[in-house]
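Trainee: I am new to this structure. Please walk me through the terms as we go.

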Amino acid sequence: MADRILVVDDEEDIRDLLAAYLSGFGFEVAAAADGPSMRAEVSRRRPDIVLLDLGLPGEDGLSLARELRGPPRPPGIIIVTGRGRAVDRIVGLEMGADDYVAKPFDLRELAARIRSVLRRTKVEAPPDPPPRATASISPDGASICRRARSPAPTATRFRSLPANSTCWSPSCATRTARCRATG
């Protein structure tokens with residue numbers, strides 16, 4: 001599934017340029033010109049990254065960044081703006097942005113920054129738990145065989161096995177003598 005990017009900028013030329021360029025990298029790109037259209041896009045399909053201009057009509061990009069940081073799973077935010085002073089960058093990062101790029105910018109650098117933020121913010125689905133293996137105990141209780149990743153038997157259960165029981169090992173042992181633990 002392609003990562004989703006939402007470009008929020010009041011300049012149509014920049015929205016179109018970014019959408020065309022980033023689509024070439026396999027990203028799914030949507031665009032918005034202001035706060036209300038950004039909210040509509042976010043509610044329609046939650047983006048993985050938002051490229052956010054600060055100088056939007058009606059609403060400041062910083063307040064939108066704060067809003068995007070709320071639950072559920074917040075997207076990565078990269079501020080892309082003409083405000084390049086140090087104080088603007090600091091405030092933008094403190095308000096919740098993951099990165100800050102001043103206009104004019106290099107498209108390749110922006111793409112690299114997007115991939116970097118995605119690596120840090122992308123929530124991977126937890127791996128499936130390992131299959132719970134089984135341990136089999138012979139009907140007479142004289143031997144035990146462990147397969148795959150089953151938990152080891154308790155010390156009490158292991159000590160209760162007869163001296164000639166099968167060795168406990170990751171693979172099903174066929175020895176008839178009990179393992180002698182060293183150390």
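Mentor: Start with a definition. Helices (H or I, at least four residues) and strands (E, at least two) are DSSP runs, numbered from the N terminus. Read along the sequence, this chain runs β-α-β-α-β-α-β-α-β-α-β-β-α. The total is 6 helices and 7 strands. The model is predicted: local features need pLDDT of at least 70, side-chain atom pairs count only at pLDDT 80 or more, and totals for chains, interfaces and linings use all residues. Residues are numbered from 1 along each chain as its sequence is written, and side-chain values use heavy atoms, with hydrogens and water left out.

Trainee: Why are H1 and H5 called roughly perpendicular to each other?

Mentor: Helix H1 (residues 12–23) and helix H5 (residues 107–121) pack at about 65°, with axes 11 Å apart. Angles of 65 to 115 degrees count as roughly perpendicular. So H1 and H5 are roughly perpendicular to each other.

Trainee: Which residues of H1 and H5 make the contact?

Mentor: Contact means heavy atoms within 4.5 Å. H1 brings Leu17, Leu18, Tyr21 and Leu22, and H5 brings Leu107, Arg108, Leu110, Ala111 and Ile114.

Trainee: What makes a residue count as buried?

Mentor: Buried means under 20% relative accessible area (1.4 Å probe, protein chains only). Of the 183 residues in the chain, 39% are buried.

Trainee: What is the average pLDDT of the chain?

Mentor: pLDDT is the predictor's confidence in each residue, from 0 to 100. The chain averages 79, and 66% of the residues score at least 70. Over residues 168–183 the pLDDT is below 50. Where pLDDT is low, the predicted coordinates should not be read in detail.

Terms used
Buried < 20%, exposed > 50% of the residue type's maximum accessible area, 1.4 Å probe, protein only. Axes fitted to C-alpha atoms, helices over the stretch in contact; angles between N-to-C directions. Parallel < 35°, antiparallel > 145°, perpendicular 65-115°, else oblique.
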